[in-house]
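Here is a short walk through a structure. Have the sequence and the 3D view side by side as you read.

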Amino acid sequence: MSGYVEGILVLLAINVVFAYGAFLPMAAGQLNLGVAGFAAIGGYVSAYLSNNAAMPASPAIVLGGLAAAVVALAVAVPVLRTRGIYLALATFALGEIVRACILNMEAVGGAAGYPVAAFIRFPVIAAFAVAVIVLVSLLFATRFGIAITAVHDDERVADLMGLNVRAFQVAAFALGAGLAGIGGGLYAHHFSYIEAQYFSISLSISIVLYVLFGGTQSVFGPLVGAAVFTLLPELLRGSAQWRYVLFAAIVIVVMVLRPQGLVSGAQMRRLLAGKEQPA
Amino acid sequence: MNRGGRAIFSQQIVNGLMLGSIYAMVAVALTLGIGVLRFLNFSIPGLFMIGGMMTWALVRAGLAWPLAAAAALMVGAAASLLVELFTWRWMRKADEFVPLVSSMAFLILFENLAVVHWGSELQSLPRLFASADWRIGNLVISAPQLVGLLLSIGLIAALSLVLARTRLGRALRTIAEDADTALLLGVDIHRIVPMVFLISGAFAALGGVLFALNYREVHPFMGEALGLKGISAMVVGGMGNIWGAIAGGLFIGLAEVVSIDRLGADFVDISVYGLLLLILIMRPTGIFGAAGTRARS
């Protein structure tokens, strides 16, 4: 495998993990614009563990994800009091606070960035990405997936049906944050260097774009979205400066034509059942 | 505090208010979209940038600055109409996050078109006003800044008058209550909604023009930092509240300048965004908004 292809595949695998991190809360109807903050927590915690506690990369990355999930659990109670645009803005503020705190933390290099000694290659990252995809698919094949969809479609009805709406929302939020943290850890250990500026609102926005572009109704939406968003700019590379322009134009047009995203729930059911079903 | 220290401090208050008036313009643009359409329009920072960069480009092309500013304003408003054509119009019935995504894509589009045309470097404008500083005691107030502050207050007053008194304002308030009901009542929403985009685009672009004239530095990504501060200003003032936007803008401008002075530049973001988070959780209607029920999302 050439270095170029490996580079793209690594990026693809990391973006897929990030995308599922944003997908879980979104499937429960919450827009998390602070994904980058949780990715930063995972990245920095795992890097600190592998640098200072002589921990191998993989368990350090898992612990980094766990740390992000724990932080998410702690903030979920006040933050999830808000909803809709308010929640999106609250998570956005949260992400910016995490970033600003890291910038002021000298133990992890502050504004100068933080070098990571351990290095992982594509096979490890791919294994993590596949594990995340399998895990989320399995999760959505259980009652959890149905409950989350019910909460997304109508909170009040879900509540009336006896679901603990708040518990499912908190779970989706914290699980998503954990996945984002794992993505951050993978990034840190492949690129050997992290800085707070990378985990900015632009990263959160791109990750959210993957998910909405792919579609939030099916577990395969984030996969398709992340793949299109990682590979499309590479294909458009021919026209170097214009590629982002074209790319944005494609997103705008697709959103007009298919506001539910590329992969919709009805499509997936039809594909899996092999026959028409009412959407 | 000695005398010199106090003079520097009051000078910073003045600077904070001037910066705040630019935040207020962006906040008004954002709050209009949320108040009337419940649409968080992420293309606003892009329109702000268009206002700033067009002013620079036209001044560089030899246009007198008032003409350049007016033209930049019109380009910004026209770009906002383009955003309307591809977002809210189609996605009124879609998932609430979808128009948000498209408006983010417009931000990327505008920024990168600017990079393609003008490059990504920081560009500076020539000094346009020879010596327009007024001195009051030890305070230095630049005339263009003061004009900018008064202009933003005046325009926001005019806007709130339009919303309260005119037929257009009544139609907008009906749409804010419920777009479908407005349609049933005979409000031509596809004629009125572009007006919202036109007005908010003009406010965003005017913010960019004022920024370019006062700070004389523009670049394709200038809208991002300003847009984030504008969002904070909008939240502080209460989303959808026009007067709250200007109060929030001035407040954030002051908070920023004072925290640089007291805590050091490193802690500015922590204090501004910490405040934002706290307000969203404790008092989602904003400091200056009426206390009451949480607005519908």
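Start at Ala54(A). Ala54(A) is exposed, because 10 other C-beta atoms lie within 10 Å (exposed means 12 or fewer other C-beta atoms within 10 Å, buried means 20 or more, partly exposed is in between, and C-beta atoms are placed from the backbone). Ala54(A) sits in the loop between helix H2 (35-52) and helix H3 (57-79) of chain A. Helices here are DSSP runs of H or I with at least four residues, strands are runs of E with at least two, and both are numbered from the N terminus. The phi of Ala54(A) is near 50°, a positive value in a residue other than glycine.

A word on the model and its labels. It is predicted: local features need pLDDT of at least 70, side-chain atom pairs count only at pLDDT 80 or more, and totals for chains, interfaces and linings use all residues. Residues are numbered from 1 along each chain as its sequence is written, while chains are lettered from A and ligands numbered from 1 in the order in which they are written.

Stay in chain A for a helix pair. Two packed helices are described by the angle between their axes and the distance between the axes. Helix H5 (residues 122-141) and helix H8 (residues 165-191) of chain A pack at about 170°, with axes 11 Å apart. The axes are lines fitted to C-alpha atoms, for helices over the stretch in contact, and angles run from 0 to 180 degrees between N-to-C directions. H5(A) and H8(A) are therefore roughly antiparallel (over 145 degrees; under 35 is roughly parallel, 65 to 115 roughly perpendicular, and the rest oblique). H5(A) brings Ile125(A), Phe128(A) and Val132(A) to the contact, and H8(A) brings Leu179(A), Ile182(A), Leu186(A) and His190(A). Contact means C-beta atoms, placed from the backbone, within 7 Å. By class, this contact has six nonpolar residues, one polar and no charged. Ala, Val, Leu, Ile, Met, Phe, Trp, Tyr, Cys and Pro count as nonpolar, Asp, Glu, Lys and Arg as charged, and the others, Gly among them, as polar.

Now look at where the chains meet. The contact takes 34 residues from chain A and 35 residues from chain B. On the chain A side, H3, helix H4 (84-103), helix H9 (201-214) and helix H11 (243-257) each supply at least two residues. H4(A) gives the most, with twelve residues. That side has 27 nonpolar, four polar and three charged residues.

Cross over to chain B. Chain B has twelve helices and four strands. Its radius of gyration is 19 Å, close to the 19 Å of the globule rule for 297 residues, so chain B is as compact as a globular protein of that length. The radius is taken over C-alpha atoms, and the rule is 2.2 Å times the number of residues to the power 0.38. Buried residues make up 51% of the 297 residues in chain B.

Chain B also divides into domains. An automatic or database assignment sets the bounds: domain 1 (45-119 + 142-219) and domain 2 (221-287). Their C-alpha centres lie 20 Å apart. The contact takes 14 residues from domain 1 of chain B and nine residues from domain 2 of chain B. On the domain 1 side, H6(B) gives the most, with six residues.

End at another loop. Arg38(B) lies between helix H1 (3-37) and helix H2 (44-60) of chain B. Its phi is also positive, near 50°. Arg38(B) counts as partly exposed, because it has 19 C-beta neighbours inside 10 Å.

Technical notes:
Two residues are in contact if their C-beta atoms, placed from the backbone, lie within 7 Å.
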